[in-house]
Amino acid sequence: MGKTLDEIAQELKTSTKKVQLIYAFNGTGKTRLSKKFQHLVSPKDSDVDNYGFHNKKILYYSAFTEDLFYWDNDLTEDSNPVLHIQPNAFTKWIFEEQGQEGNIAKSFQRYTNDKLTPNFDKNYSQITFSFERGNEIREDNIKISKGEESCLIWSIFYSIFEQVISTLNVAEVDERETPNFNALEYIFIDDPVSSLDENHLIELAVDIAYLIKYSESELKFVITTHNPLFYNVLHNELNSDNKSLGYKKKEFERYRLEKLEDGSHSLEIQGNDSPFAYHLFLKNEIENAIQTGQVKKYHFNFLRNLLEKTSTFLGYSTWGELLPKDSSSTPNPYLSRIINLSSHSKFSGEESPELTDNDRRVLQYLMQEINNTYHFNQSEN
């Protein structure tokens, strides 16, 4: 039986885990869940008019954060595009009270281009962009891309993210640089990867994971995403101990949010495998069959599928290039042939799905070689 999003939000809130990572397809309800969670943690901080961060219990990033920024494209003259900032407590605190524009510009250039510079007006109500070409020529009034805009908005949030972590890491409350974070309990990041290319997405995920590992306070983190790559990078970064930072992977939990046919939802614990990495499912199915002695001919179909997906990821033109090499350093033709025969055989009514002992040995040998050569994680085995 499914649950309401309110019930799932309560479940996340009562968890003792330092980090909770949630994967969900678009349209499943992850943004609505984030709002439910925000209202649950701090109802009085959830009104639109009071949006942002100012001595609150939850620091919250989502698509709504991006909505605080909007373009005036100067459609009449087409010469002076400006990114406007909606007046709100969040940006007022960052710019006027903390003077974070220098750190924001530095983060933005690291994610994009060190020659691309955001220029804030004196009231912090709008931003223009310039490009330094390195030959004393400066191009002003640049209209940046949607991906660069997302990087800028994330950089604004990230600057306060960094300050929160470093401030709360000071154990003695009276010695902290500001008391404004003392009530903070959660940082909730809802899908911060819209419009980012893969390089920026990976860098962003690594940065988030580092700050989480660096955090020594009781602060907790909830992150949702629909992006497989972003999920995988965070999963890999957070699923390992870091003795120098004092972080332990047992503090980390990951989930899969699903919407059921009746409109209710389920939040399932996701193991060390990816919720969308079908090749890992195939690999586990083959290895389980080998271990239990239940290998069938269709497992060669699984193996071929696994090889195809892995070769595509690694950039090989054919899956056969992943097979063990013979003495001439070319893929062993016998191994390629047995996979083709076993995976493409059209069964007649009399043909058996059983394999010979030699075929079973070949399948086991190939799986060992694939694991050893391409370093699939075998700790779960």
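Is F120 buried or exposed? I looked this up before anything else. F120 counts as buried, at 18% relative accessibility. The cut-offs I use are these: buried means under 20% relative accessible area, exposed means over 50%, and partly exposed is in between (1.4 Å probe, protein chains only).

**Ground rules**

I note that this is a predicted model, in which local features need pLDDT of at least 70 and side-chain atom pairs count only at pLDDT 80 or more, while totals for chains, interfaces and linings use all residues. Residues are numbered from 1 along each chain as its sequence is written, and side-chain values use heavy atoms, with hydrogens and water left out.

**Entry on F120**

I find F120 in strand 5 (residues 116-120).

I checked strand 2 (residues 58-61) and found both faces covered. I58 and Y60 are buried on one side, and L59 and Y61 are buried on the other. In a regular strand the side chains alternate between the two faces of the sheet. Strand 2 runs parallel to strand 8 (residues 186-190), and four bridges join them. I count two strands as paired if DSSP finds at least two bridges between them. The residue opposite Y60 in strand 8 is F188.

I then looked up its partners. Strand 3 (residues 69-72) runs antiparallel to strand 4, with four bridges between them. Y70 has H84 as its bridge partner in strand 4. Strand 6 (residues 126-132) pairs with strand 4 over two bridges, again in the antiparallel sense. Here L83 stands opposite I127.

**Entry on helix 6**

The 23 residues should span 33 Å, and the end C-alpha atoms are 33 Å apart, which agrees. Helix 6 is mostly covered, with 19 of its 23 residues buried.

**Entry on helix 12**

Which residues of helix 12 are buried? I list D359, V362, L363, L366, M367, I370 and N371. They cover an arc of only 165 degrees around the axis, so they are on the same side of helix 12. The arc is that of the directions from the helix axis to the C-beta atoms. On the other side of helix 12, I find D357 and R361 exposed.

I repeated the length check for helix 12 (residues 357-374): its 18 residues should span 26 Å, and the end C-alpha atoms are 26 Å apart, which agrees. Just after helix 12, H375 takes a positive phi of about 55 degrees.

**Entry on salt bridges**

Side chains of opposite charge can pair when their charged atoms come close. I call it a salt bridge when a side-chain nitrogen of Lys or Arg is within 4 Å of a carboxyl oxygen of Asp or Glu. By this rule I have 13 salt bridges.

D357 is exposed at 53% relative accessible area, and R360 is partly exposed at 26%.

R138 forms a salt bridge with D140, and their closest N and O atoms are 2.5 Å apart. R138 counts as partly exposed at 44% relative accessibility, and D140 as partly exposed at 41%.

For E258 and R256, the closest N and O atoms of the salt bridge are 2.6 Å apart. E258 is partly exposed with a relative accessible area of 30%, as is R256 with 23%.

I also noted a network of salt bridges that links R110, E203 and D207.

Methods:
The expected span of a helix is 1.5 Å times one less than its number of residues.
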